[in-house]
Every structure is written in structure tokens, then in C-alpha cells.
Amino acid sequence: MSRDEEHSRFVSTLTGCSQRELFLTFLITLLGLFIRNLTLPWIFLGTRYDTGRFSYWLKFVADVIFLCLPSLLAMTILSDHLLFLATIMSITSIVLLLFVIYEGVDHHLTASLKQAWSRIVEEQHRPTKFVTYFRSLTMVLVTVAILAVDFPIFPRRFSKTEKFGHSMMDVGVAAFIFQSALGSRMAKSPSSGRQLSNHSRPWYLTSTSLLFALGFVRAVVLEVIGYPQHVTEYGVHWNFFFTMAAVRVLFSILPRCFPLVLSIIFGICHQTMLKSTGLQAWILDENANKRDNLIHANAEGLTSLLGYLTIFYASLAIGGFMARTSIRVKSWIRRCFQLLLLSIFLFLAQLATEKWVDPPCRRVVNVTYIFSQLTLMTFATAVCLSIQMFNIVVWCASFPQFSKGDDPFSPVSPCLSDSINRHSLLFFLISNVLTGLINLSIPTAHTLSAQFSFPILLAYLTVCSGIVHSLEYRKVNFIRLHAD
């Protein structure tokens, strides 16, 4: 067996995992964020990051523990105990929340909450903070997975599925597509508080050009150094960067109005093409596609584009729905419940297509896969929005420790999620480079000891986070020095 074949066999799975495990893993990561926002105002007594270097980096250590460690544990040594871990973290959240409520009893709790309920969510309240939470925590999950999958400590059922099924490694591209559409739509909404620049950059400096360049560099470098590649993921030459760039190009030349209608049309056309032409069966048959030309060699990447475009337009529709939220706190809280109901509806649609069409298939992005990913992303967005609204409500209601500062997130600043969100591409590139270096340095597939592999993964995640967080620290120091 060649090195590439051995690597592909190791990092793939034939069956996948249960969908419940995906939801639990996301929930564990999000609960870590909620526990962080509950505890930090007490631990640091509302001290902001600009009080000194020690406080800034001490909060970074806390963020690694609360935001990074739960994801790492859920995908490695505690992967067989996800329900137990989620239960413990849920109980911890409830107990801490009870302490918050108890502390607010002496401050006219009922009247304060009624007042907060009708408060206006203004620009300084950071109304789109939930997008930052979703984007950064998804990035953490993806970063953990892309290296952990090369170690035996990572359960094989979480690896990429070869044909049908659910798995953690199948979530990455769909999550990036979803957050790209959601973030772009929310940034243009009046409630975002962002001022959009009219300045247009040259084509070679646009993000689309950068993605194409990164995709080309990655393909060339991996070919030159002989790095083992999982061909059935995208194809021989295609990769993640090409998919993201191609979706952006297609979006730029297609209509942008009525995204929900276009998403339905694209989804029907894509599924019809997969089934009626036999394209899906041809791609999934290991012996049918000889990869004897450029198109056949990258069949998975090219075929899946219309499916990912369907996810993109559906995400735009969800973003448009969120952007129409009223400026009152109660309207945003109502949106939380509506998003949860939407995720339930999408889940029912997924069950229907899973029964009458096919199970989810990552390689061709069939309709069941589309519904399964939209279900998970909508659920995660609803939880992120709920965490954001907690901070806004307790700040507006003047709860002790949570009401210090100019905005609802002052007592919990700085947050690693902000650093990762602002430098998301750099964070992802660093993780890819470190993944390659570690794989070239040690035989990861044969590192059987959890006592050896877990510290490597934790150090890798800490380095990736520390680099982008240090950039934010330098920015904060620059602003503070000029303010003085």
C-alpha cells in the first residue's frame, strides 16, 4: 500500500458517526463560551484588557481553557462520553446562572429585566456579536479536527465519510460557506452598526483572488513535497480554497435577489443532475472514475459546487431573515426561538430526504447533506445568539459585575473569539502549516499514546490562538499609547 493510500484509509471512515454526536460537540463548544462569559466578570471583577499585559494574557489562558479545551476534549479523549460532558457543562451553566440571578435579586430584578426587555439594541451593543461567536468557534473546531484526524486519539467515526453518513470532518466547508453568507448579509444590515466602504480594491487584492492563489500554492506545494492527500475529498488538484473562491465567483455573476427561491431552484437542479444522469453513482464507484483527465481527476470538487452554492444562497436567506430583526431586545430574543424552530423544520426535511432520496453524502453534496448542514448551522447560530443576548440583557438590567463598562461585552473583554474572527484566514493558514510540519516531523498515525498526542494537539491549538491574539494585543497597545 502506498503512502497516499495508507493516509487516505487512515483519515477516512466508511460509516461516520451519529448526527447526535455532531450536535453534542457543537453544544459543548458553545457551552464553554457561555460558562466563560458567566465566570470571567467574577474572576477578574470586570477588569478590562487595557489595564496591563498580565491581565490580557491571563484572560488568554482562560480563553484557551473555556473556548479551545472543550472542543479538543470532545474530539479526542472524551469523544465516547459526549453526553456526560454536555450534561456536566449544562449543570455548571445552570448553577452559575442561578448565582447571577440571586445576586441580582437585591437590585430590583423584575423591574430591571422589564426595562431591559424593551431596550434598544444600539451600535455600541454589538448587535452582530453572535456572528463573531459562530465564526470563531467553528474555526476552533475545524482547527482541532484538521490535525487531530491524523492521530489515533481522534475517533475514526469523526473522519471524512467515503460515501454516505455524518461526520465531524464533513462539516468544515459547509460551515465556512454558511458563515460567509450570513456574515456578509448581516454586515449590510442597518442593525450591524458597520460603515461599509465604497472604496474598491484592485482585482488581485480581493479575497476571491487570494483564495484562488492559496488554492494554487497549496496544490503545487503538496505535489512537490509529496505530502499524502485524500483524493476522494475534493479530487486530485482541487481543495478547500478553490471551492470557496469558485462559490464567490458564481455568486458575483448570478442574481442576488430572492435567495431562498434561488436556493430551492439550485438544490432541485443539483439533486436531479446527481440522480438522473448517474453522476452520483459514477463518482462514488471507486472503479468507475479512472481520473484520466483534469475534469475527471477533480470530479468531487467540481460536482459539489452547485450543492455548496445552494447552501450559500440558503444561508443568505437566513441572514436576510436575521437582518430584518427589530432593534428591540425582545425582538432579538424572539429570533432565538424562531431560529430553533427553523432548525427543527430543516431537520424534519433532512429526515424526509434521508428516507426517500439518499443518506447525506459529502463528496457530491446531495440534498440530504445540504439539509443536515443547514440544520446544524442554524442550531449553532441560535445558541450563539442566545449567549449574546444574555450579555446584553444582564448589562441593560445593571446586574452586578456584568454592568461595568461601555458595552455589554466590556466585562468579558478581551475575547479570543474576536482575535480569531479578525484574523480568521491567518489563523486557518497557520493551522494548516503547523499541521503539515507536525505530520512531516513525526509519524502521527502511529502515535498511539494519548499522553503524547494530546499535549501536542493542545500546544498546537495554543500556538495558533496565541499568534492571532498577540496581533490584537499589539493593536490594543498601539491605540492606547496614541490615546495617551
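**Entry 1: helix α3 and C68**

I began with helix α3, where I found a kink of about 40 degrees at C68, shortly before the proline P70; the bend at a residue is taken as the angle between axes fitted to the seven residues ending there and the seven starting there. I note here that this is a predicted model, in which local features need pLDDT of at least 70 and side-chain atom pairs count only at pLDDT 80 or more, while totals for chains, interfaces and linings use all residues. Residues are numbered from 1 along each chain as its sequence is written, and side-chain values use heavy atoms, with hydrogens and water left out.

I then looked up the span of α3, residues 53-74, and its 22 residues reach 31 Å from the first C-alpha to the last, close to the 32 Å expected at 1.5 Å a residue (the expected span being 1.5 Å times one less than the number of residues). Helices here are DSSP runs of H or I with at least four residues, strands are runs of E with at least two, and both are numbered from the N terminus.

C68 itself is buried, with a relative accessible area of 1%; buried means under 20%, exposed over 50% and partly exposed in between, with a 1.4 Å probe and protein chains only. I checked for disulfides, counted as pairs of cysteine sulfur atoms within 2.5 Å, and the count comes to zero. For C68, the nearest cysteine sulfur is that of C464, 9.4 Å away.

**Entry 2: the whole chain and its cores**

I counted 20 helices and two strands in the protein, and 56% of its 484 residues are buried. Taking contact as heavy atoms within 4.5 Å, I found that residues 24 or more positions apart account for 83% of the contacts with a separation of 6 or more.

Next I looked for nonpolar cores, meaning sets of buried Ala, Val, Leu, Ile, Met, Phe, Trp, Tyr and Cys residues joined through side-chain atoms within 4.5 Å. The largest has 132 residues, of which F130 and I311 touch the most other members. Helix α17, residues 367-396, gives this core its largest share, 19 residues. Apart from it lies another core of seven residues, including L274, I283, A299 and C361, and I noted that C361 is buried at 0% relative accessible area.

Leaving aside residues up to four places away in sequence, F130 touches L182, M186, M322, W332, T381, C384, L385 and Q388.

**Entry 3: S263 in α11**

I placed S263 in helix α11, residues 259-276, where it is buried at 7% relative accessibility. Its side chain reaches the backbone nitrogen of A314 at 3.5 Å, and, with residues up to four places away in sequence not counted, S263 touches T310, Y313 and A314.

**Entry 4: loops**

P400 lies in the loop between α17 and α18 (416-422) and is buried, at 17% relative accessibility. I looked up its C-alpha distance to V100, and the two atoms are separated by 8.3 Å although the residues are 300 apart along the chain.

Notes: A polar contact is a pair of N or O atoms within 3.5 Å; within protein, one must be able to donate a hydrogen and the other to accept it, and residues adjacent in sequence count only if both atoms are side-chain atoms.
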